[in-house]
Amino acid sequence: MQTENTRTDRLGLLLDQFDHAREMAQVRLTGLSNEEYLWEPVPGSWSIRRRGEAVTPRAFGPGEWVLDLGAADIPASEYAEVARQAADGMTVAKIADDWSVSVERVEQVLAHTGTPEPDKTPVTTIAWRLGHLHFHFAGPWEWTFGERRHEPKLLVDFTPSAALALERFWAVIDRWRDSVAAVTDEQLDTVGFSQYPYGSDPDDPFITVLSGANLEFIHHMAEIALLRDLWQARFTSGG
């Protein structure tokens, strides 16, 4: 339902959407314990781990704790995104660099027809989802509003403490929101206003980047909320 305070300008709509999602997410994350934060729903879940205990080949982070990351590939759920990138004029070589895969792999995806293959994306912990989101807002802020020189994978010091992780996360989220609120209409339409090196940001108008950031925040927070529900059900059901 529309209210007197609802904004209808492009930036306003995106900010209102982000603000509502952030408010709901903060409520849903209240009371998160360390045990729940690190709970692995199934064997082989991705999480954060001590550097010496990492089991994924591309786990990353600047400190003792690293975020799981497996071998590079394009999941079936992202085939449409690859097709969009190609339709928007990105070369196969650039798309391959975007996804850290070979040119041959991109060509396979673009040639794919019929029913998509089942996704092999692993089940993840709340710690992984929160760390992934933290990384995906810290890096774009640095490469849009910051110095545009620091490696994104070294910007987030992952931690096994749920309280500390949330404190750091909300600080990054609020910094992003404050910077975005000052963007002009001209900057919204500027291709390459964000130079974030992982993804298509340098080739997209900034309003597209903002829309994608909102979707990233919303869908990962929904997944975290579901993990919290499963955690509670695990004990109420006697599992």
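Mentor: Start with the classes. Ala, Val, Leu, Ile, Met, Phe, Trp, Tyr, Cys and Pro count as nonpolar, Asp, Glu, Lys and Arg as charged, and the others, Gly among them, as polar. Keep in mind that this is a predicted model.

Trainee: Which residues line the second largest pocket?

Mentor: Ala21, Met24, Ala25, Arg28 and Leu29 are among them. The lining also includes Phe217, Ile218, Met221, Ala222, Ile224, Ala225 and Arg228.

Trainee: Which elements give two or more residues to that lining?

Mentor: H1 and H9 do. H9 gives the most, with seven residues.

Trainee: Next, the core. Which residues touch the most other members of the largest nonpolar core?

Mentor: The general idea comes first. In soluble globular proteins, nonpolar side chains tend to be buried together. Here the largest nonpolar core has 48 residues. Tyr37, Leu130, Phe137, Trp170, Trp176, Phe217 and Met221 touch the most other members. At least two core residues come from each of helix H1 (10-28), strand S2 (65-67), helix H6 (126-142), helix H7 (162-181) and helix H9 (206-236). There is also a second, separate core of 11 residues, including Ala76, Met90, Ala96 and Val106.

Trainee: Now the closed spaces. How many cavities of 30 Å³ or more does a search of the whole structure find?

Mentor: Two. The largest cavity holds about 70 Å³ of space.

Trainee: Which residues line the largest cavity?

Mentor: Tyr37, Leu130, Gly131, His134, Val156, Asp157, Phe158, Thr159, Ala165, Arg168 and Phe169 line the largest cavity. H6 and H7 each supply at least two of the lining residues. By class, the lining has six nonpolar, three polar and two charged residues. Tyr37 and Leu130 are also among the core residues that touch the most other members.

Trainee: Which element gives the most to the lining of the second largest cavity?

Mentor: H1 does, with four residues. H1, H7 and H9 each supply at least two. The lining residues are Leu11, Leu14, Leu15, Phe18, Trp176, Arg177, Val180, Leu210 and Asn214. Seven are nonpolar, one is polar and one is charged.

Trainee: On to charges. How many salt bridges does the structure hold?

Mentor: Side chains of opposite charge can pair when their charged atoms come close. This structure holds 14 salt bridges.

Trainee: Which residue does aspartate 189 pair with in a salt bridge?

Mentor: Arginine 10. The closest N and O atoms are 2.8 Å apart. The pair links distant parts of the chain, 179 residues apart. Arginine 10 is in helix H1, and aspartate 189 is in the loop between helix H8 (185-188) and H9. Salt bridges link Arg10, Asp185 and Asp189 in a network.

Trainee: What is the N to O distance between glutamate 147 and arginine 149?

Mentor: It is 2.5 Å, and their side chains meet in a salt bridge. Arginine 149 counts as exposed, at 58% relative accessibility.

Trainee: Last, the backbone. What is the phi of arginine 148?

Mentor: Most residues other than glycine have a negative phi. Arginine 148 has a positive value, near 60°. Arginine 148 lies in the loop between H6 and H7. Arginine 148 is partly exposed, with a relative accessible area of 31%.

How values were computed. Residues are numbered from 1 along each chain as its sequence is written. This is a predicted model: local features need pLDDT of at least 70, side-chain atom pairs count only at pLDDT 80 or more; totals for chains, interfaces and linings use all residues. Side-chain values use heavy atoms; hydrogens and water are left out. A nonpolar core is a set of buried Ala, Val, Leu, Ile, Met, Phe, Trp, Tyr and Cys residues joined through side-chain atoms within 4.5 Å. Buried means under 20% relative accessible area, exposed over 50%, partly exposed in between (1.4 Å probe, protein chains only). On a 1 Å grid over the protein atoms alone, a cavity is a set of points where a 1.4 Å probe fits but cannot get out, and a pocket is an open set with protein on both sides within 12 Å along at least five of seven lines; lining residues have an atom within 4 Å of a point. Grid points are joined across faces, edges and corners, and a volume is the space filled by probe spheres set on the points. A salt bridge is a side-chain nitrogen of Lys or Arg within 4 Å of a carboxyl oxygen of Asp or Glu.
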